[in-house]
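These are my notebook entries on a structure I had not looked at before. I wrote down what I looked up, entry by entry.

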Amino acid sequence: MASIDKFTGAAGTGRDLALALERRFQGKDWIADLADRANQSRDFVEWHLQEDMAPPAEIIAAAQEMLRGGSPPSEDDARPPGANTGLTSPDDLPFAGLPGNLGKLRKD
């Protein structure tokens, strides 16, 4: 397979491209930026990045653009770590379907 880009050094598979982008944009939602630049859905992009085959040309072109010029920060990147992201707070349990009135399970 042909090299995706001189910036990645990747062999040309979706997995190689994903690894190169993750190394460059750690801690950012680079998949959303890649999907926007490729004008494709996030599911489409994620599927191709998990496969051992060459991604479509629009994903490769978007990745090359990101690797050359960097990626604009996402809205999530501007939020400080631990900030409230909506309806949940850091103290909320990460489980759905639990009643809010559990109370004590044993008598003291």
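I began with a definition: a residue is buried under 20% relative accessible area, exposed over 50%, and partly exposed in between, using a 1.4 Å probe and protein chains only. I noted that the model is predicted, so local features need pLDDT of at least 70 and side-chain atom pairs count only at pLDDT 80 or more, while totals for chains, interfaces and linings use all residues. Residues are numbered from 1 along each chain as its sequence is written, and side-chain values use heavy atoms, with hydrogens and water left out.

**Entry 1: the chain**

I looked up the elements, where helices (H or I, at least four residues) and strands (E, at least two) are DSSP runs numbered from the N terminus. The chain has four helices and zero strands. Along the sequence I read the pattern α-α-α-α. The chain has 108 residues, and 31% of them count as buried.

For contacts I used heavy atoms within 4.5 Å. I took the contacts between residues at least 6 apart in sequence, and 60% of these join residues at least 24 apart.

**Entry 2: salt bridges**

How many salt bridges are there? I counted a salt bridge where a side-chain nitrogen of Lys or Arg lies within 4 Å of a carboxyl oxygen of Asp or Glu. By that rule I have four salt bridges. As background, side chains of opposite charge can pair when their charged atoms come close.

I looked at R42 and E46, whose side chains form a salt bridge at 2.9 Å, N to O. Both are in helix 3, and because they are four residues apart, about one helical turn separates them. In general, an α-helix has 3.6 residues a turn, so residues three or four places apart point the same way. R42 is partly exposed at 35% relative accessibility, and E46 is partly exposed at 23%. I also found that D29 joins R42 and E46 in a network of salt bridges.

Next I looked at R37 and E65, which form a salt bridge at 2.8 Å, N to O. R37 is in helix 2 (residues 30–38) and E65 in helix 4, so this pair ties together parts 28 residues apart in sequence. R37 counts as partly exposed, at 27% relative accessibility. E65 is also listed as partly exposed, at 42%.

**Entry 3: R15**

Where does R15 sit? I placed R15 in helix 1. R15 forms a salt bridge with D52, with the closest N and O atoms 3.4 Å apart. The pair links distant parts of the chain, since R15 is in helix 1 (residues 14–24) and D52 is 37 residues away, in the loop between helix 3 (42–49) and helix 4 (57–69). R15 is partly exposed at 44% relative accessibility, whereas D52 is exposed at 51%.

I then listed what touches R15, leaving aside neighbours within four places in sequence: L49, Q50, E51 and D52.

**Entry 4: helix 1 against helix 4**

Two packed helices are described by the angle between their axes and the distance between the axes. I took axes as lines fitted to C-alpha atoms, for helices over the stretch in contact, with angles from 0 to 180 degrees between N-to-C directions. Helix 1 and helix 4 pack at about 25°, and their axes are 11 Å apart. That makes helix 1 roughly parallel to helix 4; the classes are under 35 degrees for roughly parallel, over 145 for roughly antiparallel, 65 to 115 for roughly perpendicular and oblique for the rest.

From helix 1 the contact uses L17, L21 and R24, and from helix 4 it uses I59, A63, M66 and L67.

Which residues of helix 2 are buried? I found W30, I31, D33, L34, A35 and A38. Helix 1, helix 3 and helix 4 are among what covers them.

Just after helix 2, N39 takes a positive phi of about 60°. Most residues other than glycine have a negative phi. N39 lies in the loop between helix 2 and helix 3, and N39 is exposed, with a relative accessible area of 68%.
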